[in-house]
Structure formats: structure tokens, C-alpha cells
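Take a look at the model first, then read on.

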Amino acid sequence: MSTFLMPVLEMAAPTLEWRALAPVLLVFAAACVGILLEAVLPRAYRFLAQMTLVFATVVVSIAFLVINWRGQYGGRMAMGSLMLDGPTYFMWGALLVFGTLAFMVFSERQLNGGVTAFAASAASVPGSLEESDATAARYEHTEVFPLGLFALGGMMVFLASADLIVMFVALEVFSLPLYLLSGMARRRRLLSQEAALKYFLLGAFSSGFFLFGIAMLYVFSGSLDLRGIHEAIAANAGSNGLVLVGLAFLAIGLLFKVGVVPFHSWTPDVYMGAPTPVTGFMAIATKLAAVGATMRVFYVALDGERWTWQPLFAVLAVLTMVVGIIGALTQTDIKRLLAYSSIAHAGFILVAIVGATQVVPAGQGTSASAIMFYLAAYGFATVGAFAIVTMVRNAAGEENTIAGWSGLAAKNPWVAGLFSLFMLSFAGIPLTGGFIGKWAVFTAAWRGGYWWLVVVAVLASLVAVYFYLRVIVVMFGGTAAKGVYVGNASAWTWIPVVIGAVATVWLGLVPDQVMQLATFAGGFLR
């Protein structure tokens, strides 16, 4: 009897740099533990357990991040699929800080009569008996905390990916929890579910475009690695249809998450319908992760095609600023106004990406460092602003109409003053972090030779001042709206507001430390 010997396939065990990757591994591990807690703990103990787990995880992750960055643990990690360089460390730190502040707002119970802003039973049909029973029993969805951690971990992997397939997986890992979180509002549930469905459908389309772009670049280069794609483009000088198609579809997938026109249509509806704590989290964390990934793809893999994508991005930057500002001018809802403001800010960020200044004199910032500072300044103001939105209320819940904010300063001058500070920072008024951020991104674009784009951006900023000042005038000059009051928020909401305000002023008056940190982070490594 003959014996058939099957060939033995030797597979190398995967290697992970546990210490270097500890910040992101801890976040994912905590998310998994959080899901386990939901299964084994009685309902009464879940909220405290989840909060303890989340904040302990973030603190330890930040500690590992600081230690690793100071110890200069960098380079390719996880078998070459992740790149730990200066921008990765800076943006990981920013994500962890903003995520912590957002999770604090998640934890607010005092404003909602002892329960969080999330639905009592998200799986129940709105208005059904099951929903009424869950609400009467004061149920809460503490699953929002592990979902938030999964989203945060996915964002961290997304912006650090050196491999397009890993980047795509990370995109899905952080997108799916956000789709769920967007549909979990306790009040106005139909609007919340509509927002989640729109976000899911449009997000699925953008992911398909992103995956198709990966396929085109793989066919051209034979590699999914960003460095391999760069080398293939360099070795095949001249335009190539596959590269151009792949570039276009990757841009669609990435710029959708940034909120760039014409891929912005989800932003106002999702910002308005999602629970406000989730909106605040998405407004900065999603944008930061998407901008980081966009810079990595186009500065590392597609740098050789910059003469193709720079003019395209310049046009998109102008369209984004114009559409965002015109949209904001016509809004009567504060969350939709902030959504269109976010779109306009995506245009300002794109201005610096277009500049693509990667080689600069010593001590001066690159486009990447300017964008990182901008995102830091924008992030603190965003988290603080949305935290305040949760505090302005009427008998039914949050008061989101701008008319309802009329005369707010007479009811609570501190809240009105702090919200005005955040509006002034968004507008780029001097002595705020927003002004220094805009100065940095405009300078980067000017150095890159796109002076005309800077002129357009400055003019757009001047027009944008109007709708920010309109909100301030309504709060301080209008007649006090009846039935509207400032809720008695707990420290979980006030801490992000105060930290956001202090950081906004600090970055406007003494920006040197954060600017130097962003400059030290340098550019992206291949």
C-alpha cells in the first residue's frame, strides 16, 4: 500500500511588540472585558464597573504612550502592518485624551433624571410597550462604553496602518460601533434611528469605494504595503490609469470620514440625530483618525502622484469651505450649525494637506505638524461645545433650536460665556487656540506654494465669523426664551467643559509647548 505524504507548510508565528503596542492593545482588551461584564454582572453594577474599566484603561494607555514615546519605540510593528512614528504617537495621545473627555459626557446622569442620554431599550420599536416598560424601569445601555472603546481602538489602528488591508479592517472596526451609537438616543428615537441608518448606508458605500481603490493599487503595484506602493509608483514614472482610479476611490473612502464636500451629506443629519455625547465624540475623534489616515496614505504611498492629487484636493478644499459656511449661515438648529462648522473646518484642514510641506528649515513645522496642532485646538473646543449643548434644556430634553438659546446669558452667564469662547475659537479669533491653529495650517499651505488657496481660506474664515457671532448675540442680546433652562449637570459634564475652555485659552496664549511637540513629532515614516 502506497503512502501519500502531504507537504508540510511551515508557518511562522506572528510577532507583536507588546510594549510598543500596549496603548492600543489595552483599549481593545478593555472593550472585550466590557462586553464580558455585560454578560456576567447584574444590571445594577454594570454602570460603575464599565466606567471604572474605561477610565482606568485610558489612564494606563496614556502612561504607556508617554513612556514609549520618550523611549523612542518606533518603526514598523505588528509584522510591518503598523507604523509607530511621531504623528502616530501625537494623534494616539490626542485620541485618548478626547476619548476620555467624551466618555465623561457619556457618563452624565444628573441631567436626565438619574439616567444617561442613551435609550432604555435600543432594540425596542419606538413608542412600543416594550420601550415604555424599559423606560419606566429606568434601564440603561451600558454597552455604550465597550462600543466606544472598540471605536477608539479602531481609530488608533486606522491612522497608524502601514498596510491598506489593515487600514480597511480598522475602518470597519471603528465605524460599526459608531453606527450603533448614533441610533441609541433616549429621546427623539425615530430621528436617531434615521441618522444611524443614513450613516450606515452611506458609510457602507464609502467603504466599498475604499476597498475598490485598494484593489486597483494592488493590481498596479502587487503590494498592499504603503511603502511598496510608493516604490512601485517611483519605478513606473508617468501616469497610470490604475493608480489614478485607485487614488480617486481611496480618496472617496477617506474624505467621507473627514466630512469633505461632496462626501459630507451624512454629517448634518447624523450630528443632529445622534445622542449629543456621541456627536461630540464623533466630531473630533472620527475626524482626527480620518485626517491622520489620509495624510499617511497620500504622503507615504501616493507622494509620487502629488501633482495629480494636490490640485484635486485644492478644489475640494474650496468647495468644502464654501458649502460648510453657506450651510451654517442658514441653520436654526445648534447641532446642525456645528455640523456645517465641522464641514468648513474639514476644508481648512484640507488646505494644509494640499500644501504638503514635508521638508522645512529646522524648528519650523511641516503640514503634518500644523494639522496636528489644529486638530488639538479644534478638539478641545468641540468636546466642550457639545458638552454645553447637553446642558441647555427644555421640558422635553435638550433645547437645540438657536432661538431657544435666546437670552441664555441672563439665565447662566457662565455657560453662555464658555460657549462663546468655543465659538470664538471656531471662528479663529486671536487669543484662542483656533486662531493659532488656522495660522499654522495657512502657513503650511503658503510654504507649499498654494498662496491663492490661503487667500480663499482667509476670506472664508471672515465670512464664517458671522454665524458664530450670531449665536453669541442671540445668547447675550436676545429676549430670554420661555421654558428653557441650563440643567444642573454633574462633574462628568463640567470637567470636559472646563478642560476644553482652559486648553482653548492656553493654546491661544501659550501655544509653544504643543506646537513644539507637534513639530517634534515630525513627518510620516515609510
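**Helices and how they pack**

Leaving out residues up to four places away in sequence, Gly213 touches Gly246, Phe249 and Leu250, where contact means heavy atoms within 4.5 Å. Before going further: this is a predicted model, local features need pLDDT of at least 70, side-chain atom pairs count only at pLDDT 80 or more, and totals for chains, interfaces and linings use all residues. Residues are numbered from 1 along each chain as its sequence is written, and side-chain values use heavy atoms, with hydrogens and water left out.

**Around Gly213**

- Gly213 sits in helix H7 (residues 189–221); helices (H or I, at least four residues) and strands (E, at least two) are DSSP runs, numbered from the N terminus.
- With 0% relative accessibility, Gly213 counts as buried; buried means under 20% relative accessible area, exposed over 50% and partly exposed in between (1.4 Å probe, protein chains only).
- Gly213 and Val243 are 30 residues apart in sequence, and their C-alpha atoms are 8.7 Å apart in space.

**H9 with H11**

- Two packed helices are described by the angle between their axes and the distance between the axes.
- Helix H9 (residues 241–258) packs with helix H11 (residues 276–301) at an angle of about 160 degrees, and their axes are 8 Å apart; axes are lines fitted to C-alpha atoms, for helices over the stretch in contact, and angles run from 0 to 180 degrees between N-to-C directions.
- That makes H9 roughly antiparallel to H11 (under 35 degrees is roughly parallel, over 145 roughly antiparallel, 65 to 115 roughly perpendicular and the rest oblique).
- H9 and H11 have a left-handed crossing; left-handed means the near helix is turned anticlockwise from the far one by less than a right angle, and right-handed means clockwise.
- On the H9 side, the contact includes Leu247, Leu250 and Ala251, and on the H11 side it includes Thr286, Lys287 and Ala290.
- By class, the contact of H9 with H11 has 11 nonpolar, two polar and two charged residues; Ala, Val, Leu, Ile, Met, Phe, Trp, Tyr, Cys and Pro count as nonpolar, Asp, Glu, Lys and Arg as charged, and the others, Gly among them, as polar.

**H14 and its partners**

- Helix H14 (residues 367–389) and helix H17 (residues 433–447) pack at about 160 degrees, with axes 8 Å apart, so they are roughly antiparallel to each other.
- The crossing of H14 past H17 is left-handed.
- Among the residues meeting there are Phe373 and Tyr374 in H14, and Val441 and Ala444 in H17.
- The axes of H14 and helix H20 (residues 512–521) come within 8 Å and cross at roughly 140 degrees, so this pair is oblique.
- H14 and H20 have a right-handed crossing.
- Phe373 turns up here too: Ser369, Met372 and Phe373 of H14 make the contact with Val514, Met515, Ala518, Thr519 and Ala521 of H20.

- How does the span of H18 compare with what it should be? At 1.5 Å a residue, the 27 residues of helix H18 (residues 451–477) should span 39 Å, and the end C-alpha atoms are 38 Å apart, which agrees; the expected span is 1.5 Å times one less than the number of residues.
- The buried residues of H18, including Ile472 and Met475, pack against helices H12, H13, H15, H16 and H17.
- Ser420 is found in H16 and is buried at 8% relative accessibility.
- Setting aside neighbours within four places in sequence, Ser420 is in contact with Ile472, Met475 and Phe476.
- Ala444, in H17, is buried with a relative accessible area of 1%.
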